[in-house]
Amino acid sequence: MVSFLYYFKIRDATNLWSPIGAEFSPDSKYLYISGVKNSSDTGFVFQFDMQHIEDSTSFLQSRILVGLDKRLWGMQLARDGKIYITGRHKGLHYTPYLSVINDPWKHGTDCNFETEAIYLTPGRGQGMLTKIFPYFLFRFDYEGICEGDTFYFDPWFVPDPTYIEWNFGDPASGANNTSAIPNATHIFTDGGTYEVSVYVEYPNGRIEETSRKVEVEYKPEPDLGPDTSLCKSGGDIILNAECGPHLYSWSTGAFGTSQITVSDTGWYWVNVENDYGCFEIDSIYISYFPSAEIDTTNLLISPTTCGGSMGVVKGLEISGHPPFSYLWTDDLGDTIANTIDIFHLPVGNYTLLVTDGNSCITEFGPYTIHDAGDVLIEDVEYASEQCNQQNGSITVTAVAGLSDMLFYSIDNGATYYTNQGVFTGLSAGSYAVRVRDSSDCQDVYLQNPVILENIPGPQIDDVIITPSTSGQNNGAIEILASSGNDTLYYSNDNGNTFQVNNGWFPFLSPGFYTCVVVDEIGCDTTFIVEVPEEVTIRLQAVAGDDEVCPGNTAFVPLLVSNFNDVACFKTTLLYNKDFLTCSGFANAHALLEDSLEALLFPVEGKIELSWSSAAISLPDNTLMADLVFESIDPGMSLVEWDGSAGASLFQNSTGLTIPVDYYTGNVKIYNEVSILLSNSEEICQGESLEIEPLILSSNGDVSYLWTYPNGDTSDSETLNFNNIQEGQSGTYSLIVSDTLDCQSEVSVDVIVYPLPIPDFAGEDTIVTEEAVEIDAGADYATYLWNTGESTQWITANYDGWYGVIIESQQGCMGEDSVYVLFFIPPEPIYENFYVPNAFSPEGDGLNDEFKVISNSENISAFHIYIYNRWGALVFESKEMSLGWDGEYKRKPAPQGIYVYKIEYSVGTSGQEESRVKSGTVMLVR
């Protein structure tokens, strides 16, 4: 949709100015408006400053009158940066002049408006310059988007400048801020808006300065910080690249998040991209801190006495990154000391945790304190708890050489039992195994603590319930469960009966069911499921969708489900009449087609369908029929069932109304392929013609197919004719297709007018003794002779070329010329020579050479020179019998006047007299 900010009139106290043409300066800074004043024959050009376009008052106040002339008409920005303006006097008389705004990028009258600057010889400036197209709005274009990218600048200055200087408006780039290369490049130092200006000098001395604003998008600036390290003993590092609402992608595969957590070493990088495709990559290297190391050279582990606490662990030496702190733990992980040497230890396993200056923790040990007895734990077997049933167990196998009684503990000696080392009924948890004899000599399990896990019972992954139809046992329950055991037992009657590895229970009536899933060790999961009753089956009426090109036919399917025992129906569907017209239905179902009827109401955008017969049932998703629509304009139209009372009704065989759920469809009509192409193109023979269609609307990219009058085809966008001939006249058809296969066809008639030919064409030379009339032919629009006359014929009274330019009634220009040679009788032989004044080397045996004839026998020396109009020597000879055949450098010399000079001597030996004779000769072809 096109809207406008405001409108205005151009007027002052006494004048109302009527705008006709409008054009922008190459840099879009100024708007020029041309037109006439008070319907008079006075034309105007106003300049408006586009920086005030948002404010109507300021915009109108920026108006400057930059030119007055006769009635000024259409305006057009050309590739040379100038704005050309046609003129038209009262009525339909078009002036043969074009006015020009030479520097349209300059403010006010500095834009250099020049009235009647170009004379169209002979011709006229059409009202709106319909055959001049603005190839480019700007004087230069550029490619590039992001800061740090190389921007490529493409100038469109015509003709090619003799000098060009770019200023990129980026002083931070230093010496790179300017360039004298036509196709310059630049890397902007930062994002933002830059005013890029260019200074141009042309071969004719014209100077042009123009500029345009270049938008440089900022790149994201992620910063992961410096390289860092983490502890080998574990720990996480959060990498945060947050720098705005951009797209983040990480080397780990993470996508769409600005931060990730890592716990391993290596290189990590993040690529951050904004909506413009500008991206930046930052990386970080994560390494391990060196772990603390232990030296056991001086390690001393002293045993304890049976039942005593005399054990010692000392002599360990720690190296690494100080300072260090120490923590000793026992079999259950309880803290017992924070010094590197520990004393007064009972039997047990002791582990040292060292924290270094990097806060990394390194574990050493365990170190075992034994006593002097002979108790030995040979083995420990254990089984984890199952589904919180306290059925875990630990079995300890131990021996003693001298004692006949052993005591067993799984709580690190807090409690001892005479149970032969068998512990049952245990819950999940950590246990520390010890064995002592009656002398309190002990042994501790080196693999303490023993960890018992809790193995869960069956897990219910999903329960799928199928409702039961009223009065029928067609409900169902499907239980999907998983377990660590191979076999599961399923029940839907609270465990009275079970199915092995089968959770499907069909043929159920509505109600509540207590379901149980049990694994092979007795762990179970119990839950209650309701099978609902589906009281009423509702008929479903669905209007489908379709998508078409403008003007094509759309088919909207009408689908039904639960179409059971239907004896008749009458239903109404509504659509948008601005986009569609319903023409009826097609493809009716075989059981419906005999009685299906339609009433069309195109003015209301409505169609009524009715049917009645013996009751029938149809499978779900059955096509009743297709509604047929003819598309009008691009857009979207819903196809809706009218569910209001009386508009739509389905009844069964007993006459009861069937409840219906209605579902709306729609028809999408794509944009039309709209082409702007002139109906005809008139052109003169030998000229160049480019026919370029303008695509006003389409659906995506388009392709072209031209068909020529002779049947040839082309897939180019434009038709280009160079040196066009009459035989290329005819109708050229164009089919434009878009990505959705929508297409449109137009044609253009190309009319090639022949060039006019003067009637005297074909005559190279007219030889006459008296004045002669030269006729160019009748019925031409204009005549212009090189004598300045503008009549159909002229009278030639002297030697020379006579040329004429004629214009046909279609505006085509033709020209030709003829040489008129007035016959002069041959000169008598005088001064020893006869020299002809003309010759025609046409190979007809008549006057084919220019040769000197002598009547004297006293010529003792001879040398002739012949020069063209530029003074170049074209022939010379020292032999009087050798004449010039009209060739120069082995090619026929052009027709025209040539100068000769003869140097010769007369007299007897010893008494010669040197003489020179010169003159002109006409070479006629």
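Predicted model: local features only at pLDDT ≥ 70, side-chain atom pairs only at ≥ 80, totals over all residues.
Local features need pLDDT of at least 70 and side-chain atom pairs count only at pLDDT 80 or more, while totals for chains, interfaces and linings use all residues. Residues are numbered from 1 along each chain as its sequence is written, and side-chain values use heavy atoms, with hydrogens and water left out.

**View 1. Disulfide pairing across the protein chain.** A disulfide here is a pair of cysteine sulfur atoms within 2.5 Å. By this rule there are 6 disulfides. Number the bonded cysteines in sequence order, and the pairing reads 1-3, 2-5, 4-7, 6-8, 9-11, 10-12.

**View 2. The disulfide of Cys146 and Cys278.** The two sulfur atoms sit 1.9 Å apart. The torsion about the S-S bond is -90°, and the link is left-handed. Cys146 lies in the loop between β10 (140–143) and β11 (151–155), and Cys278 in the loop between β21 (266–273) and β22 (279–288), so the bond ties together parts 132 residues apart in sequence. Strands (E, at least two residues) are DSSP runs, as are helices (H or I, at least four), and both are numbered from the N terminus. Cys146 and Cys278 are each buried. Buried means under 20% relative accessible area, exposed over 50%, and partly exposed in between (1.4 Å probe, protein chains only).

**View 3. The disulfide of Cys549 and Cys742.** Sulfur to sulfur, the separation is 1.9 Å. This link is left-handed, with -90° about the S-S bond. It connects distant parts of the chain, 193 residues apart. Cys549 is in the loop between β52 (545–548) and β53 (553–561). Cys742 is in the loop between β70 (730–738) and β71 (743–753). Cys549 is buried at 9% relative accessible area. Cys742 is buried at 1%.

**View 4. The disulfide of Cys684 and Cys812.** The S to S distance is 2.0 Å. The S-S torsion is about -95°, so this disulfide is left-handed. Cys684 lies in strand β64 (residues 680–684) and Cys812 in the loop between β76 (800–807) and β77 (813–822), so the pair ties together parts 128 residues apart in sequence. Both cysteines are buried.

**View 5. Cys582 and its closest cysteine sulfur.** That sulfur belongs to Cys549. It is 20 Å from the sulfur of Cys582, too far for a bond. Cys582 is buried, with a relative accessible area of 4%.

View 6. Pro366 lies in strand β31 (residues 361–369). Pro449 lies in the loop between β39 (442–444) and β40 (450–452).

View 7. Asn112 is partly exposed, with a relative accessible area of 34%.

**View 8. Positive phi at Asp741.** Phi is about 65° here, although Asp741 is not a glycine. Asp741 is in the loop between β70 and β71, which also holds Cys742. Asp741 counts as exposed, at 63% relative accessibility.
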